[in-house]
Amino acid sequence: MHLAQRMSRLGTETAFDVLARAKALEAAGRDIINLGIGSPDFRTPENIVEAGCKALRDGHHFYTPAKGMRELREAVAEDILARRGVKVDPELVMIVPGGKPTLFFALLMLADVGTEVLHPNPGFPIYESMILFSGAKPVPIELREENGFQFDPEAVLAKVNARTRLIIVNTPANPTGGVISESALDQLVAGLERYPEVYILADEIYARLVYGRARHHTLLAYESIRERVILLDGWSKTFSMTGWRLGYGVWPRELISHAERLQINSNSCASAPVQVAGIEALRGPQDSVARMVKAFDERRVAIVKELNEIPGFSCVAPQGAFYAFPNVRGTGMGSKALEKHLLEDVGVATVSGTAFGAFGEGYLRFSYANSLENIREALRRVRGALQPA
Ligand code: PLP
């Protein structure tokens, strides 16, 4: 077999490997609690399911325009205005199958051999994987526990040079649950005004999942860099729709036709009935989202408390998304070894911090997209297993 050379540069998302290993153990009769995968455990709200079913019955089974149905792009623009206070031209919105394609397209069109892309580390693993695939050099932005996993704007700006094409910013963040403050974004943007060639990918897929006093601040709100911001968002996390595959990008005017060409060459368009369901999700009642956010917040409080009671663990409270990222150095075990031990011997699926980049060593990601009951039972098992003899 002669695989193309580029395939050797493509990584993966370990959460999917953990899911497969957990399923295999379950198939062999083991009782596994899955705190590995980042998929909400709630059912998609009934009004959205009904809209999707009705769309099929109504005959929505053809191609749509490549950028997506006009009505859905308008609904996205309305939603951005209502929630982020930013006016967006629906012509610059492109609907895609999930959150990932917007990232994929941004890297395919901007990154190249000899260029650099800055990305958070620990961060969503597909960033580094796809940067490498594009041929560009991944330049990690280290996120530190001491700063609540926020980046230091000065340190980010110090890494920008003539080869930099794109900076990826993720808030609220996977895997840390960190939410970037408005003042950190202000500083970053002020610095980026000196680099008019650099694009910014704002991955805000967890924008509605923020807790306590934390607030989500969007990079799209900054006029001075507006023409260089690509916004990534979607339905997966907010509406518990990970398997439906629906997301969107808001593109700078000079990039939208390139994004559309990439879409025509790959997906043609997002699924038609799923797009109709997406309209209902945005324009229909929002009470189920509010209920999910409330439930996540309760679990967040519980998981942080319980994690801090485990010998060798310490956990800062995440402010957004649905992940806790405790420091596990006190156990004396490496992250990967601990992940394996907890899955195979304790029956709890988690993801090693190293799956999110080298700076994730010493941490473990627990997804709290699972019931309070399962979370409590999982952490009871972990505490029992790590209790000094
Ligand atoms: N961006 C971040 C930060 C994520 O955590 C994820 C999913 O885990 C995605 C993008 C991709 O979302 P989707 O499943 O909709 O492609």
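This is a predicted model: local features need pLDDT of at least 70, side-chain atom pairs count only at pLDDT 80 or more; totals for chains, interfaces and linings use all residues.
**Ala 321.** Ala 321 has a positive phi of about 60°, although it is not a glycine. I found Ala 321 in the loop between helix H10 (287-308) and strand S9 (323-324).

**Arg 245.** Next I looked up Arg 245, another non-glycine residue with a positive phi, here about 65°. Arg 245 belongs to the loop that runs between strand S7 (229-234) and strand S8 (247-250). With 33% relative accessibility, I put Arg 245 down as partly exposed.

**The ligand.** Where does the ligand sit? I located the ligand in the largest pocket. I counted 13 residues around the ligand, and Asp 203, Tyr 206, Ser 236, Lys 237 and Arg 245 come nearest. By type, the shell splits into four nonpolar, five polar and four charged residues.

An N or O atom in the side chain of Lys 237 is 2.7 Å from a ligand oxygen atom. For Asn 174, a polar side-chain atom lies 2.8 Å from an oxygen atom of the ligand. Arg 245 turns up again, with a side-chain N or O atom 2.8 Å from a ligand oxygen. The ligand taken alone exposes 390 Å², and the protein buries 94% of that.

**Cis peptides.** Back at Asn 174, I saw that the peptide bond from Asn 174 to Pro 175 is cis, with omega near 10°. The bond from Thr 171 to Pro 172 is cis too, with omega near -15°. I placed Pro 172 in the loop between strand S5 (164-170) and helix H7 (182-192), and Pro 175 also lies between S5 and H7.

Technical notes
Residues are numbered from 1 along each chain as its sequence is written. Side-chain values use heavy atoms; hydrogens and water are left out. A residue is near a molecule or strand if one of its heavy atoms lies within 4 Å of it. A polar contact is a pair of N or O atoms within 3.5 Å; within protein, one must be able to donate a hydrogen and the other to accept it, and residues adjacent in sequence count only if both atoms are side-chain atoms. Accessible areas come from the Shrake-Rupley method with a 1.4 Å probe; for residues, only the protein chains shown count as cover. On a 1 Å grid over the protein atoms alone, a cavity is a set of points where a 1.4 Å probe fits but cannot get out, and a pocket is an open set with protein on both sides within 12 Å along at least five of seven lines; lining residues have an atom within 4 Å of a point. A molecule sits in a cavity or pocket if more than half of its atoms lie within 2 Å of its grid points. Ala, Val, Leu, Ile, Met, Phe, Trp, Tyr, Cys and Pro count as nonpolar, Asp, Glu, Lys and Arg as charged, and the others, Gly among them, as polar. Helices (H or I, at least four residues) and strands (E, at least two) are DSSP runs, numbered from the N terminus. Buried means under 20% relative accessible area, exposed over 50%, partly exposed in between (1.4 Å probe, protein chains only).
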